[in-house]
Amino acid sequence: MLVAGIREMVIAGVLRPGDKISEQALCQRFGVSRTPLREALKVLGSEGMLQLLPRRGAVVASVSPEEIDELFPIMAALEALAGELVCKHASDADLAQLSAIHDHMMSAHAVEDEPTYLQANRSFHETLVSAAGNATLTASYMQILTRTRAFRFVARKSPENWQAAVRDHHAIMGALKVRNAARLSRLLRRHVMGVTVKIARDAIAEAGELPKSA
């Protein structure tokens, strides 16, 4: 529970890349002593979510441009496979849930409520992968998510990137509703390797690490 709780704080953007971990604050939040907390931090360090620095404690890990090139193609492949499996195996209730999340996302976009949109966006992709019904796929996806969370579901989007993401999601939902596995797979891969990578690179550029995408 402790590892999962801290992991969720990072994925949700409560703790952001570069933030120093306050052991005292987390001990108070979770009602634990420093010994189990430090064991939890070691686990998250082994996952790559945190960096454990000698004499400086733990900080939330950042994603480098090189890691974007390594990680996002894997995430794109996993979502593409999930799309195929969802079309073949998901129940009508699963599709209805995804449709409801999509509608919630679009409502948030319409009123420019970006925090709600980002939360719903993350929920949509996680629900889609879960609905594929493949535990190994889900575990692999969540492992990659722990390294890319801040630049996918937390980073603020430019108006152009947000519009592109919304267009992609309308197309994705259209393919999902008719269970077009091949089209949905292509759209998900293109979405991750297109606008999602651009958002990640632009987020790093804001930190002065990389030239902005053209």
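The largest nonpolar core here has 66 residues. A nonpolar core is a set of buried Ala, Val, Leu, Ile, Met, Phe, Trp, Tyr and Cys residues joined through side-chain atoms within 4.5 Å. Buried means under 20% relative accessible area, exposed means over 50%, and partly exposed is in between, with a 1.4 Å probe and protein chains only. Those with the most contacts inside the core are Ile 6, Ile 21, Leu 50, Val 86, Tyr 117, Phe 124 and Leu 176.

Two notes on the source. This is a predicted model, where local features need pLDDT of at least 70, side-chain atom pairs count only at pLDDT 80 or more, and totals for chains, interfaces and linings use all residues. Residues are numbered from 1 along each chain as its sequence is written, and side-chain values use heavy atoms, with hydrogens and water left out.

Take Ile 21 from that list. Contact means heavy atoms within 4.5 Å. Beyond its neighbours within four places in sequence, Ile 21 touches Leu 15, Leu 26, Leu 41, Leu 50, Ala 58, Val 59 and Val 60.

Helices (H or I, at least four residues) and strands (E, at least two) are DSSP runs, numbered from the N terminus. The buried ones are Leu 2, Val 3, Gly 5, Ile 6, Met 9, Val 10 and Ile 11. After α1 comes Gly 13, with a positive phi near 90 degrees.

Next, a helix pair. How do α2 and α3 cross? The axes of α2 (residues 23-30) and α3 (residues 34-47) come within 10 Å and cross at roughly 110 degrees. Axes are lines fitted to C-alpha atoms, for helices over the stretch in contact, and angles run from 0 to 180 degrees between N-to-C directions. Angles under 35 degrees count as roughly parallel, over 145 as roughly antiparallel, 65 to 115 as roughly perpendicular and the rest as oblique. The two helices are therefore roughly perpendicular to each other. On the α2 side the contact uses Glu 23, Gln 24, Leu 26 and Cys 27, and on the α3 side Arg 34, Leu 37, Arg 38 and Leu 41.

Now the strands. β1 (residues 50-53) and β2 (residues 57-60) pair in the antiparallel sense over 4 bridges; two strands pair if DSSP finds at least two bridges between them. Gln 51 has Val 59 as its bridge partner in β2, and Leu 52 has Ala 58. The strands form a hairpin with 3 residues between them, and Arg 55 in the turn has a positive phi of about 65 degrees. Val 60 lies in β2 and is buried, at 0% relative accessible area. Val 60 and Gly 45 are 15 residues apart in sequence and 9.0 Å apart in space, C-alpha to C-alpha.

Ala 82, in helix α4 (residues 65-89), is also a buried residue, at 0% relative accessibility. Leaving out neighbours within four places in sequence, Ala 82 is in contact with Leu 128, Val 129, Ala 132 and Leu 137. Ala 82 and Ala 25 are 57 residues apart in sequence and 38 Å apart in space, C-alpha to C-alpha.

Last, two loop residues. Glu 112, between α5 (92-110) and α6 (114-131), is not a glycine but has a positive phi of about 55 degrees. Glu 112 is exposed, at 65% relative accessibility. Arg 179, between α8 (159-177) and α9 (181-206), has a positive phi near 55 degrees. Arg 179 is partly exposed, at 28%.
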